[in-house]
Amino acid sequence: MGEVTKQRIKERITACVKVPDDQGGRRFDQIAAACFPQFSRARLQDWIRQGFLVVDGDARKPKDKLHGGQQLSLAVEVQPEGQWVAENIPLDIVYQDNHIMVINKPAALVVHPAAGNHTGTLLNALLYHYPENSALPRAGIVHRLDKDTTGLMVVARSLAAHNDLVAQLQERTVHREYEAVVRGVMTGPGVVDAPIGRHPQNRLKMAVVRGGKPSITHYRVVQRFKAHTHIRLNLQTGRTHQIRVHMSHQHFPLVGDDLYGGGLKLPKSCPAALETVLRAFKRQALHARQLGLIHPVTGEYMAWEAPLTADFQRLLDSLAANEPLSHRRM
């Protein structure tokens, strides 16, 4: 697991935000939550009550109604969130500067501590390699990849960058492209526009449900095989398990996805060599291949690409050798 250390770093945070005109008439705490999305509403309410978050220099109550154009000022010493520990877990850093870093996440790495995974996560690794990130919300993590999904993630290294990246994700200006292998033969590109929410019977799963959050996934075919398809996907929204849920909903579950694919299902007359590879592939075949965003400080558009992992490439090579249908790239 690596060396474990405890971090007790504090940071003085100051920020000023003008209340947007379209927020006028709402409660102070509601507007604060919209203007400072990187902090929980409960934390913001506490800061309002303590006078750390004020309106035009004056303390107000969380329920007070505000009007557009007022100035919200935040000045507070932030304690490290949670009781997380720093762990010396290796990180594959693709890019970093004083404001952001881009990480190529391996399989089997949980992003954030949760029930059953209190240590050994990306967050624990960040606290070790970048202890100053302990003063940022979730140690700078602004989005997630599932435990067994590989590929690119951006992490903030400053509060200003964190705020900006959260806003870019909300405004859907962050470009994220994934590669996947699904069961079944797709006929062409498509868009899945189906709301996602918690599964009504299984709380461990998400599902396409009425009243769920709007969720849109674009996909296109890279290569077809006799019983599988290699595809690329772009996320217009970023819901939990979105690609896995949407592909399963389309009856094209990801290879290796036990949660949404119902376990291993071998195609008819599956060659022994391919069966060996499929049985050995113990995770969903999903890789965050490309990431593009506007740098929070310079305003420059930047993009990165992570090559396929060895197990993913081995899967594609085995499909091409044992299940050829068309070698023409789409």
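**Chatting through the fold**

Reader: Hi! How many helices and strands are in the protein chain?
Author: There are 8 helices and 16 strands in the protein chain. Keep in mind that this is a predicted model.

Reader: OK, and how compact is the chain?
Author: As compact as a globular protein of its length, because its radius of gyration is 22 Å, close to the 20 Å that the globule rule gives for 330 residues. The C-alpha trace spans about 75 × 45 × 40 Å along its principal axes.

Reader: What share of the residues count as buried?
Author: Of the 330 residues, 49%.

Reader: What about the largest nonpolar core, how many residues has it got?
Author: It has 35 residues, and those with the most contacts inside it include Leu122, Tyr178, Leu233 and Met247. Among the elements that give two or more residues to this core are strand S9 (175-183), strand S14 (228-235) and helix H5 (242-249). Helix H3 gives the most, with 5 residues.

Reader: You mentioned Leu233. What does Leu233 touch?
Author: Leaving out residues up to four places away in sequence, Leu233 touches Tyr178, Tyr219, Ile243 and Met247, among others. Apart from that core lies another, of 20 residues, including Ile13, Leu66, Val76 and Leu136.

Reader: Switching topic: which residues of helix H1 are buried?
Author: In H1 (residues 28-35), the buried ones are Phe28, Asp29, Ile31, Ala32 and Cys35.

Reader: And why are they on the same side of H1?
Author: Because they cover an arc of only 160 degrees around the axis.

Technical notes
Residues numbered from 1 in each chain as written. Predicted model: local features only at pLDDT ≥ 70, side-chain atom pairs only at ≥ 80, totals over all residues. Heavy atoms only, no water. Core = buried A, V, L, I, M, F, W, Y, C linked by side-chain atoms within 4.5 Å. Buried < 20%, exposed > 50% of the residue type's maximum accessible area, 1.4 Å probe, protein only. Helix = DSSP H or I, 4+ residues; strand = E, 2+ residues; numbered from the N terminus. Contact = heavy atoms within 4.5 Å. Arc of directions from axis to C-beta. Rg over C-alpha atoms; globule rule 2.2 N^0.38 Å.
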